[in-house]
Every structure is written in structure tokens, then in C-alpha cells.
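Trainee: I am new to this structure. Please show me how to read it.

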Amino acid sequence: MRRLLAPIALMSRHVSSSARITGRINEKIRTGHPAADLAFLQHALWGLDHYPDYLRRWQDKDVDELESALESVLAKVRAQRADARRECDAMAAKHPKALDALRDAATWRVDDVVSPKVAKALGWAPGDGIADALRQPPKTNGFWGLLSEPEDDVYSLELFRPEFCAAIISASDAAAADDGHPRPRANLDVLGVGWLADLLLIV
């Protein structure tokens, strides 16, 4: 098996030398590498993770090519991480009233945030603080009964109270108005509302 992986990876790498792929999704230009480039890295990373001395059967020039590809990806990871940190730090320094109200989980109770049926399914008492509730082991077995199907294969869950939904929108609008950047930038991590992201992950 190990003998086959390296040739497959190299063959995949050289199947296509076409230019970068471009497309338009929701009126935003997306760019990506050809599938052969992705397959090359996937095979290489999988082999390195699963087999000792995986690269011993590779030719030195192919290892050099892999090293260059990995360094290129690592540079992208570091650049995007730095951008994300600057973005979060810049937003953390801003304090619109509506956003600060949403950031502090200690100011919200369970019955302020989630619907009564969801609270019951999670085993949360309505009067508990949301921060305390999130520390409890989640109980999600009762969620299937809360789902509705307004259309075929389209499912809906009444998760948040309407007033809390309005608070989320107000916080996002306040952040966008204060910072001047388009709405897609105002995700939960950037806004500093980690507890809300945790809640959504539980559900």
C-alpha cells in the first residue's frame, strides 16, 4: 500500500497544469487551486500521518516540491491567522452599547435567550444564568421532537426568543455602523460573543 501512495500523489499533482479556478458564488468571486494540487497535498499529508518514513521512496525533487507547497500553505495560514487576530483585537476595542450587552453572558438568563421548549430539552432551568447553563453537560436527545418541516427536507427549530434575535441584530448593526465594514465581517468570533457560538455548537 505504501508503495502506491507516493506515485498516486505525484501523478495527481501533474495531471493538470491549468490556471487557478475561479467562480462566482452569491456575487462574490471565489478562487481556488486545481483539483490536482489539492489531491497532491491530501495524499502527502495522509501518507505522512499514517506511515513512518513515508517520503523515503520519493525522489528528492518531488520532496522539494512538496516542501514548497507546504510552505506556501503555511504562509497562508499564518497570514489569515494574523488578519483574524487584528480583526478581533480591533473589534474588542470598540464598545457599542448594544454589542457590549450581548457580549457578557453573565447578564443573560436562560429564559431571556432560548425558547421554553429548547430549555426543557437541554435540561436548563428558565431562571438559571446562561453562563452557568452552558457549563452543564448538554442533553440533546429531545431535539428531534422540536423540529418542524415547513417544506420537504427543510427543517426548522425555534431556538431563540424573538427578543433575543432582535438583540443579536442590534449588536451586529451597531458593530457594522461603528466599524464601517460590511456585515459578513461581523461574525460571532469577531464580535466577541463566544458564549453564543458555544450555544449554537451544542444545538
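Mentor: Start with the order of elements. Along the sequence, the protein chain runs α-β-β-α-α-α-α-α-α-β-β-α-α-α. Helices (H or I, at least four residues) and strands (E, at least two) are DSSP runs, numbered from the N terminus. This is a predicted model, where local features need pLDDT of at least 70, side-chain atom pairs count only at pLDDT 80 or more, and totals for chains, interfaces and linings use all residues. Residues are numbered from 1 along each chain as its sequence is written, and side-chain values use heavy atoms, with hydrogens and water left out.

Trainee: How many helices and strands does the protein chain have?

Mentor: There are 10 helices and 4 strands.

Trainee: Is Lys 120 buried or exposed?

Mentor: Lys 120 counts as exposed, because its relative accessibility is 72%. Lys 120 sits in helix α6 (residues 116–122).

Trainee: What about the inside?

Mentor: In soluble globular proteins, nonpolar side chains tend to be buried together. A nonpolar core is a set of buried Ala, Val, Leu, Ile, Met, Phe, Trp, Tyr and Cys residues joined through side-chain atoms within 4.5 Å. The largest one here has 28 residues, and Val 113, Trp 124 and Trp 195 are among those with the most contacts inside it. Several helices each supply at least two residues of this core, including α4 (97–103), α6 and α10 (194–202). Helix α8 gives the largest share, 4 residues. A second, separate core of 6 residues includes Phe 40, Ala 44, Tyr 54 and Trp 58.

Trainee: Which residues does Val 114 touch?

Mentor: A contact means heavy atoms within 4.5 Å. Leaving out residues up to four places away in sequence, Val 114 touches Ala 119, Trp 124, Leu 159, Phe 160, Arg 161 and Leu 199.

Trainee: And the outside?

Mentor: Look for patches. They are made of residues with over 30% relative accessible area and no salt bridge: like charges are joined within 9 Å, nonpolar side chains (Val, Leu, Ile, Met, Phe, Trp, Tyr) within 5 Å. A salt bridge is a side-chain nitrogen of Lys or Arg within 4 Å of a carboxyl oxygen of Asp or Glu. Val 73, Leu 74 and Val 77 make a nonpolar surface patch of about 220 Å². Areas come from the Shrake-Rupley method with a 1.4 Å probe; for residues, only the protein chains shown count as cover. Val 77 lies in helix α3 (residues 60–92).

Key:
Buried means under 20% relative accessible area, exposed over 50%, partly exposed in between (1.4 Å probe, protein chains only).
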